[in-house]
Amino acid sequence: MLWGSNARETHPIFFHHVLKGVRSGAKLYAIDPRRTSSVDWAEGWLGLDVGSDIALANGMAHVILRDGLENRAFIERATSGFEAYREHVLTHYPLERVAKDTGVDPATIERVARDYARADRAMICWTLGITEHHNAVDNVLSLINLALLTGHVGRWGSGLNPLRGQNNVQGGGDMGALPHKLTGFQDVEDPEIRAKFERAWGAKIPPKAGWHLTDMFHAMERGELTALYVIGENPAQSEADGAHATRLLEGLEVLVVQDIFLTRTAELADVVLPATASFAEADGTFTNSERRVQRVRRAVAPPAGARDDIAIIADLSRRLGRDLGEPTPEELWNELRALSPMHAGMTYEKLERLGGIQWPCPDDASEGSPFLHGRLWADPLVGPRAPFHVTHHEGPAEALDDQYPLRLTTGRRLSSFNTGVQSGSYKSPLRRGETLDLCQEDAARLGVSDGEVVRVSSRRGSVTVPARVTQRLRPGLVFMTFHFPNEVDTNVLTIDATDPKSGTAEFKAAAVRVDKLAPSATAAE
């Protein structure tokens, strides 16, 4: 199942492998508010209402339990919390309610639930369509529940797969670029873990989790955060409620940006540190969505004035009073291996010889782990049980009303990266400018023709943008991207309602209206 993911456009190489499976007889179901291009190859499309993923997952679980299709042996051996979960979905998520909450007909829900439960191997893959909601973590937990219910986890060909949006997002988390984790996902609040790192680094580590990005913006608003160091990020154009985010960045006492482009955030900065392009101008490692660590080697020299990230950080540390010397990427990697058990067996030599290794790779004898959670099938069970979680359907944070009657959802297209920084400066035959995509019925009701420039407004601001009439959207749903913020700043419209557990903003659901422009306004545009 592709859940909240148009993998054909956002992950084309992965989707190529999906198609190989489909051509060999596998069934693909696409679950998305839009009839995306991935649907063209699917067995079926579940066009659910934006923000109803939990209701759908719980409704599928209801069918599986009602029909006795759960993997009872796996549940009893490897999980916890099943009875509370079972009672919850059977009591509160009958198909009639789920169909009303999701907009998906009961027969389709039943068919997909049965196919998933009866499959010998099955995977659920998702992207930002699941995580960019105010209840993102509960969305993910609902999908995990389905995998535990059916035993589709911890086996070759079965599992849960959060597809990453770029090639080293996974690696950033692995290295400790998370406010509550050290390298290798080790808990910063664990005193034994912290002591290990303090001995290696010769420095004290704060004992409490730090702020994630949304927390940082809240701290700016409170006046608690007055200096920001941004590396390879463009929050001035990537954060929800973009006008508000920009005002907070402008109010900082010090803003330092380290990047390979002069982004909009860099234009606001007091200091800009030109860096190298890590995929072509630097040595090191990348980690992809399947946890595969691969070597990256310098292919070309950086332009004059651009410096490697390691060299910049080492120089900055020296000026702040801590001399790190001139560490090489391999020296830093070996330090990481000494501190992170899941990377311990990954020498540079082994990474090169094997063409990459999937963590965990705990020792020299290991060649990595092709899949996770196999321990759940061990008899007796190794390690803790996997818990079920009771989750509750909640609609989007911002309700529709007479003034803002349309649901705006956002996403990406094949031709571009997020805010266009990495892709906007070169031409692509696939790329077209920003549009407001809407269905034929809504276009007719609004009196809007294809290509006509319209005004899109939310409670936070307005943009003007050409309309694009498409058959891939249902009535009441409109779609835009973030790819062209200098021409159409979509994040002026989005809402900064955030998931308190992950800090992710609800980019996927805002309430908007669409207005025709007066002839004079159209001419001015």
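Me: How many aromatic pairs does the count come to in this structure?

Reply: The count comes to eight aromatic pairs. The model is a predicted one.

Me: Why is the pair of Phe 74 and Trp 377 called tilted?

Reply: The planes of Phe 74 and Trp 377 make an angle of 35°. Stacked needs under 30 degrees and edge-to-face over 60, so the remaining word, tilted, applies. The centres of the two rings are 4.7 Å apart, and the limit for a pair is 6.5 Å.

Me: What makes this pair a tie between parts apart in sequence?

Reply: Phe 74 belongs to helix H4, while Trp 377 is in the loop between strand E14 and strand E15, so the pair ties together parts that are 303 residues apart in sequence.

Me: Why is the pair of Phe 482 and Phe 507 called edge-to-face?

Reply: The angle between their planes is 75°, and over 60 degrees counts as edge-to-face. Their centres lie 5.6 Å apart. Phe 482 and Phe 507 are both in the loop between E20 and E21, so this pair ties together parts that are 25 residues apart in sequence. Both residues are buried.

Me: How do you know that Arg 34 lies over the face of Phe 479?

Reply: Arg 34 is 3.8 Å from the ring centre of Phe 479, and the distance limit is 6 Å, with a further limit of 35 degrees from the ring normal. The charged end of Arg 97 likewise sits over the ring of Tyr 93, at 4.4 Å from its centre.

Me: Why is strand E16 called mostly covered?

Reply: Six of its six residues are buried. Leu 406, Leu 408 and Thr 410 point one way, Arg 407, Thr 409 and Gly 411 the other.

Me: Which strands does E16 pair with?

Reply: E16 pairs with E21 in the antiparallel sense over three bridges, and five bridges join E16 to E20, which run parallel. Leu 408 has Ala 510 as its bridge partner in E21, whereas Gly 411 stands opposite Thr 481 in E20.

Conventions
Residues are numbered from 1 along each chain as its sequence is written. This is a predicted model: local features need pLDDT of at least 70, side-chain atom pairs count only at pLDDT 80 or more; totals for chains, interfaces and linings use all residues. Side-chain values use heavy atoms; hydrogens and water are left out. Rings of Phe, Tyr and Trp (its six-membered ring) pair if their centres lie within 6.5 Å; planes under 30 degrees apart count as stacked, over 60 as edge-to-face and the rest as tilted. Helices (H or I, at least four residues) and strands (E, at least two) are DSSP runs, numbered from the N terminus. Buried means under 20% relative accessible area, exposed over 50%, partly exposed in between (1.4 Å probe, protein chains only). Two strands pair if DSSP finds at least two bridges between them.
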